[in-house]
Amino acid sequence: MTMRKVDPRIQVSRRSFLKTGATAAPAATLLASGATLGAESAWAQATSLPAHAMATLTLMARDTYPHDQIGDAYYRKAVAHWDDSAATTEAQRKVIAEGVAMLDMEANARFGTDYIKVAAESDRVTILQAIEPSPFFKAVRADLVVSFYNQKELWPKFGYEGASAQYGGYLHRGFNDIDWLPVS
Amino acid sequence: MTNAAKFSQSDDSVFVIVGSGAGGGTLGNELAQKGVKVVMLEAGPRYTIPDFMNDEWPSFSQLAWTDARTTSGTWRVAKDFPNLPSWIVKAVGGTSIHWAGASLRFRDWEFKTKTTYGDIQGASLLDWPITLEELAPYYANAENRMGVNGTNGIPHLPGNNNFKVMQAGAQKLGYKTVFTGNMAINSQPRDGRGSCEQIGFCFQGCKSGAKWSTLYTEIPKGEATGNLEVRPLSQVIHIEHNEQGKVTGVVYADAKGVMQRQKARAIAIAGNSIESPRLLLNSASAKYPDGLANSSGQVGRNYMRHTTGSVYASFERPVHMYRGTTMAGIIRDESENDPRRGFVGGYEMETISLGLPFAAAFFDPGAWGRGFTSKLDDYSNTAGMWIVGEDMPQETNRVTLDPKVKDKFGMAVASVHFDDHPNDIAMRNHGFKQGAAVYQAVGATRVAEVPPYPSTHNLGTNRMSANPRDGVVNKYGQTHDIKNLFVSDGSQFTTGAGVNPTLTIVALAVRQGDNIAGMMTRREI
């Protein structure tokens, strides 16, 4: 018996991707942009916050929780709700707007350009470390650890299968199928 | 529920129980079986098994007690989760919905820690006013009613992958007592409930009903007698008393937030070790200015949460730790009292697993960047264990009423202060070292020490004592100060022992039910 593996491919139909992607930004923008994660053009349709702030948050999301096997769209989705006035209060959006300004000030002081234009991840991480104690960073990180990792579509990438009760649990699906331990 | 009773609020012959978890739910059934009329008030809603969700965050929102609390002290929880000192349930069934099922008896010396350990500086150790011998028949009763495997001829559960990794490492290290535990999880159909399907979401409410919870065992059995009425969404705000000092009823907020009064012949509180002292303190009156049952000043003190921590290890090949029961097995070799290790008391090593969303939140709270995310990249190849050991009671570790923060009913919220005792730190570090050694023995490529989660084992804030000046309740959980007021949850614990507390809470509740029935027959209450 060999262990039952988890198919790491993200199981999502184009239809559902378009549907959920639409909450982040118009799907056409997302799919057509092909731009980098820090691109403001991906957030041209942002309503509550400037495109620059949303682009900054998106790049900050990847720099905070970098997983090279995860595509940009999932980082965009994880921060999209900050632009949603129904999901976010005015006070929260103010924290974001002021935080982005602070991040850019730090980036300009260190590298002479805005955060989204700093090319190396390691350089951007030093900027984040500088603002780590701020309410802005704390709020974004605390939110992101849920909004990013709670995307079910990502779970197979990490080898996590999630809900099992509807399949009768893992009783007949590999709960004890480990095959590499030394025989005692 | 068809036979469930409905009692009048003005009926002063009813026994009121506040809380419906392992302690309150069990006591309610015991009393109902003996013909006592019981009204059980539960702050949370009533769910059924199909309502449970195999999905960590939505389930947390559904079940957890997330009403405001505040924290202070040097424990890391106060920094990482300042408003979430504990992870317990607000629903009918209480934390017996969330618990993992581990059901171990205390050892005889764990009832006598002051005698056994001697004076430990800074620790308020005290011997329990009861012994293992006295509790043994009630442990047997609890094991039978809960269906604890490894007792009553019930087979042990099969081990999952996470257990097999821990077991292989433990054997290489020379540990002897390594098995799939004494779990209150059916390994075969029993008591009208099915057997474990290895679903893996024990913390989110067992969707097969294989794991014992008062929600679908004690409570419906009690209701079937016609003597038990459960009122969900009924949060008790304060307890009332008469001029003689005896308690006469409770005021509670109903589902609409309207204040209601239920008269009572006697009252037992079982709201877990944070809410129970909160309620006693919040019931202060002219006669009892420091709160009910608090002439000793001990209400809220000696808050214990077990010395905990987790060890997660990455391997070259897959483990899929989330498949199967969350607490799938145990190493007991470190559970003896061996002060040569540099600390008194013992600890267990029990497998634990978190799904990806909770792993992200709890592996290293607040951490970010590649050092952290690389651990999650290893998720499928990760095995995990939880260390749970005895912590030292300290008078300054305590639950008080927050002077500023109020809940939606205007009731002062609980504030939880906790500092680790040096003995706790020494024990945790030993557990981290041994846990790492277990995994390294079978080829772990990286081992991570994970700090304590918000407390699931909340104990000791209304401690049991022989002498009224040392504690809040006597050996029957009856308050020293007020004859018809009882405590029926883990807050009674004099000391915490090095084992998961639920079995002992249930055994104490069964014993208390016997004694309360006797007191009522003798007209003592």
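**Close-up views of a predicted model**

**View 1. The segment after α12 of chain B holds Arg523(B).** The model shown here is predicted. Arg523(B) is not a glycine, yet its phi is positive, near 60 degrees. Is Arg523(B) buried or exposed? Within 10 Å of its own C-beta lie 6 other C-beta atoms, so Arg523(B) is exposed. The cut-off for an exposed residue is 12 or fewer.

**View 2. Ala293(B) sits in a loop of chain B.** This loop lies between α8 (272-282) and β10 (307-314). Ala293(B) also has a positive phi, about 60 degrees, although it is not a glycine. Its surroundings can be counted. Inside 10 Å there are 29 C-beta neighbours, so Ala293(B) counts as buried. A count of 20 or more is enough for that label.

**View 3. Helices α5 and α12 of chain B cross.** Helix α5(B) covers residues 132-146, and helix α12(B) covers residues 502-521. Their axes come within 8 Å. The crossing angle is roughly 110 degrees. The range for roughly perpendicular is 65 to 115 degrees, and α5(B) and α12(B) are therefore roughly perpendicular to each other. The crossing is right-handed. Which residues of α5(B) make the contact? They are Leu135(B), Tyr138(B), Tyr139(B), Asn141(B), Ala142(B) and Met146(B). From α12(B) come Leu503(B), Val506(B), Ala507(B), Val510(B) and Arg511(B). By class, this contact has 9 nonpolar residues, 1 polar and 1 charged.

**View 4. Three strands of chain B form an open sheet.** The strand order is β3-β15-β14, and the pairing is mixed. Two strands stand at the edges: β3 (70-72) and β14 (398-406). Each has a single partner strand, so one side of each is left without a neighbour in the sheet. From one strand to the next, the twist averages 35 degrees. Strands of a sheet pair through backbone hydrogen bonds, either parallel or antiparallel.

**View 5. Strands β14 and β15 of chain B run antiparallel.** How many bridges join β14(B) to β15(B)? There are 5 bridges, and β15(B) spans residues 412-417. Look for Lys406(B): its bridge partner is Ala412(B), in β15(B). A helix is part of this view too. α8(B) lies across β14 and β15 of chain B. It runs at about 65 degrees to β14(B).

**View 6. Gln62(B) lies in helix α2 of chain B.** Helix α2(B) covers residues 56-63. Gln62(B) has 20 C-beta neighbours inside 10 Å, so it counts as buried. The cut-off for buried is 20 or more. Now compare Gln62(B) with Glu334(B). In sequence, the two are 272 residues apart. In space, they are 36 Å apart, C-alpha to C-alpha.

**View 7. Chain B touches chain A.** The contact takes 37 residues from chain B and 33 residues from chain A. Three helices of chain B, α6 (161-173), α9 (356-362) and α10 (370-377), each supply at least two residues of the side that touches chain A. Which of its elements gives the largest share of that side? It is α6(B), with 5 residues. By class, the side of chain B that touches chain A divides into 16 nonpolar, 13 polar and 8 charged residues.

Terms used:
Residues are numbered from 1 along each chain as its sequence is written. Chains are lettered from A and ligands numbered from 1 in the order in which they are written. This is a predicted model: local features need pLDDT of at least 70, side-chain atom pairs count only at pLDDT 80 or more; totals for chains, interfaces and linings use all residues. Axes are lines fitted to C-alpha atoms, for helices over the stretch in contact, and angles run from 0 to 180 degrees between N-to-C directions. Helices (H or I, at least four residues) and strands (E, at least two) are DSSP runs, numbered from the N terminus. Angles under 35 degrees count as roughly parallel, over 145 as roughly antiparallel, 65 to 115 as roughly perpendicular and the rest as oblique. A crossing is left-handed if the near helix is turned anticlockwise from the far one by less than a right angle, and right-handed if clockwise. Two residues are in contact if their C-beta atoms, placed from the backbone, lie within 7 Å. Ala, Val, Leu, Ile, Met, Phe, Trp, Tyr, Cys and Pro count as nonpolar, Asp, Glu, Lys and Arg as charged, and the others, Gly among them, as polar. Two strands pair if DSSP finds at least two bridges between them.
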